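Subject: Structure handover

Hello,

Please find the structure below. My notes on what was found in it follow.

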Amino acid sequence: MFASLRVRLAAIAGGLCAAGALAAPLAELAVRSNGISSYPAAAELPIGVGLGLAALAGAAVWVLAGHLLRPVAELSQAARRLEAGEAARVTVETKDELGRLAEGFNRMAETLAERERRISRLALRDAQTGLPNRLALERRLDQLQGSGAEGVTAAVVSVDRLARLRSVIGDELVGALVKDLTERIAARAPTAMIGRLSPEGLGVIFQDQGPDVMRRAGAVLEAALAAPLSIGGTTLPVSATIGLAQGPQGGGALRPILARAAIAADQARARRQKLAVFDARAYGDPAANLGLMGEMLRSIERGELVIYHQPKVDMRGGGVAGVEALARWRHPKRGLLSPDMFIPLAEETGHIRPLTDCVLRQAIEHQAAMRLAGHDVDVSVNISGRLLSDADFAEAALKLAAGAEGKLRFEVTETAVIDEPERALRHIERFVAAGVGVSIDDYGAGLSSLAYLKQIRAEELKIDQALVLGLTERGRDALLVRSTIDLGHSLGLKVTAEGVETPEAFAALAGMGCDFAQGFLIERPMPLGDVLRFLEEDRGWTRKRG
Ligand code: C2E
Ligand code: CA
Ligand code: CA
């Protein structure tokens with residue numbers, strides 16, 4: 001469109017130059033002879049006359065050049081500005097053809113500008129909900145940066161397991177859910193900008209002058225998420241995770257804080273927390289994280305991959321009912337790395353297989369060491385969903401398990417089984433037949449499916465810590481925990497509560513009839529030496545509780 005405009009302007013300029021030397025009527029004639037005007041005059045002129053006029057016109061260009069070329073040059077410059085996306089308006093001084101051309105140009109420029117405004121409005125909105133989108137949030141951050149604003153915090157509120165939810169309730173209702181969430185946040189933070197950052201996540205930009213901006217932003221969002229989410233009056237078992245990141249002190253780029261807040265939400269989820277502030281140290285360098293994967297196989301050979309154990313106690317008897325083996329990487333340069341740093345990557349790269357073999361082997365060795373010290377302890381190992389349907393792995397695991405001196409358990413998450421149900425279920429049957437117990441891990445973290453629970457020959461149901469952590473504060477969680485315990489029992493399963501951090505939670509769970517408790521209140525995951533000491537003092541835990 002711009003190109004054709006330029007051609008037209010060039011043609012007009014050419015025409016006007018040719019007509020430059022003539023008086024007004026002659027100029028008009030010459031202009032017409034260039035075919036710009038709608039008059040049929042040019043075609044009617046004999047060729048010789050036309051050429052003569054053009055020659056005359058060409059010879060006298062300079063006479064009226066200043067008079068005619070200036071507005072034409074102005075038009076041409078304006079066209080270039082328009083093409084570059086800048087505001088372009090020319091002054092209309094005359095009522096002649098040039099004036100009308102200028103007017104036409106201005107009208108066209110205004111139409112274009114209006115269309116562009118409309119397109120950018122659309123480009124800044126999420127098509128489904130009409131909320132500002134990522135681009136709009138980024139622009140807002142740019143504006144705040146430009147005005148030197150202080151106290152800017154970005155938050156990401158990410159609905160947990162949204163893909164699963166969408167497959168159950170459909171995209172439209174997910175949109176309604178996101179809107180509901182937005183309204184709640186807006187009611188508590190009217191000056192914050194809220195946008196849809198991704199299908200599952202809202203981005204919120206707070207700007208606040210006072211101290212503790214991050215803490216207050218977090219509190220606002222937690223309050224908005226406190227009541228269960230609902231669509232059209234139907235309450236849904238949906239939870240969300242919050243990530244926060246603050247703008248750099250004393251100025252600097254603000255755009256990156258949005259991505260950091262999203263990473264913080266991932267970090268929170270990986271640590272099974274509801275909220276996390278971006279931790280640059282834990283995130284490390286993304287390139288280095290990828291590098292970690294290159295190092296993983298060698299690190300396993302070098303013995304850098306170790307396991308810690310977290311005990312689980314019998315809530316009635318008080319004794320240690322077992323331990324859960326949790327992977328740790330003793331990295332020579334980066335220190336002790338938590339599984340969130342490498343398990344998800346190992347799952348992606350396929351390293352999860354050698355990693356799990358290594359964990360299982362150590363778990364069996366440690367169990368033997370505990371037995372040697374006089375403690376017969378069940379040991380649980382986490383098995384990723386990807387491996388559960390891997391026939392080679394099942395074979396190797398069964399071989400290793402045959403050498404165990406005590407009871408082994410495999411912890412599997414419900415999502416893992418649902419992904420490849422038939423094969424995974426077949427392998428589970430084989431584990432059970434070989435005497436390996438199966439525990440359903442992280443129950444209640446997402447949309448839990450009763451139908452699938454009935455299919456698995458599990459012995460134990462582990463209630464996700466996200467539910468247990470909110471037990472004593474949120475009535476809803478207490479209700480869910482109680483009904484999960486009852487459900488587990490009615491299916492003949494033992495129930496373990498994870499994330500037991502306080503005596504109050506312990507007491508509440510005991511009152512609900514929960515069988516086992518695991519959590520920081522009892523002990524954090526620890527290396528074998530500490531576990532052996534803990535087992536010696538096991539009676540100490542029983543005393544501590546009593
Ligand atoms: P998980 O299986 O749910 O393990 C429990 C996690 O909760 C552990 O985190 C543990 O340290 C933490 N935790 C225990 N008690 C409490 C508490 O009272 N409060 C809170 N806030 N947290 C508590 P960890 O060791 O960082 O492991 C994280 C996850 O990494 C595990 O979650 C598990 O899914 C995965 N993982 C660990 N080791 C392995 C492994 O060998 N293989 C596979 N596939 N996954 C593993
Ligand atoms: Ca587990
Ligand atoms: Ca768990």
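Arg 409 is buried, with a relative accessible area of 11%; buried means under 20% relative accessible area, exposed over 50% and partly exposed in between, using a 1.4 Å probe and protein chains only. This is a predicted model, in which local features need pLDDT of at least 70, side-chain atom pairs count only at pLDDT 80 or more, and totals for chains, interfaces and linings use all residues. Residues are numbered from 1 along each chain as its sequence is written, chains are lettered from A and ligands numbered from 1 in the order in which they are written, and side-chain values use heavy atoms, with hydrogens and water left out.

Arg 409

The residue lies in strand 12. Helices (H or I, at least four residues) and strands (E, at least two) are DSSP runs numbered from the N terminus. The side chains of Arg 409 and Glu 459 are joined by a polar contact of 2.6 Å. A polar contact is a pair of N or O atoms within 3.5 Å; within protein, one must be able to donate a hydrogen and the other to accept it, and residues adjacent in sequence count only if both atoms are side-chain atoms. Leaving out residues up to four places away in sequence, Arg 409 touches several others, among them Lys 312, Asp 378, Ser 439, Glu 459 and Glu 460. Contact here means heavy atoms within 4.5 Å.

Donors are N, O and S atoms within 2.8 Å of the metal (3.2 Å for Na, K and Ca); water is not among the atoms, so sites may look incomplete. Glu 324 and Glu 411 are both buried.

Asp 442, in strand 13 (residues 437–443), and Glu 498, in the loop between strand 15 (494–497) and helix 23 (503–512), are 56 residues apart and link distant parts of the chain. Both Asp 442 and Glu 498 are buried. The calcium ions (ligand 2 and ligand 3) are 3.7 Å apart, and Asp 441 coordinates both.

Ligand 1

Ligand 1 is surrounded by 22 residues, the closest being Gln 310, Arg 328, Gln 465, Glu 501 and Phe 520; a residue is near a molecule or strand if one of its heavy atoms lies within 4 Å of it. Oxygen atoms of ligand 1 lie 2.8 Å from a polar side-chain atom of Gln 465, 3.1 Å from a side-chain N or O atom of Asn 382 and 3.3 Å from a polar side-chain atom of Asp 442. Of the 790 Å² of accessible area that ligand 1 has on its own, the protein covers 89%. Accessible areas come from the Shrake-Rupley method with a 1.4 Å probe; for residues, only the protein chains shown count as cover. Strand 9 gives the most to the shell, with four residues.

Whole chain

The protein chain has 25 helices and 16 strands. Of its 546 residues, 45% count as buried.

Regards
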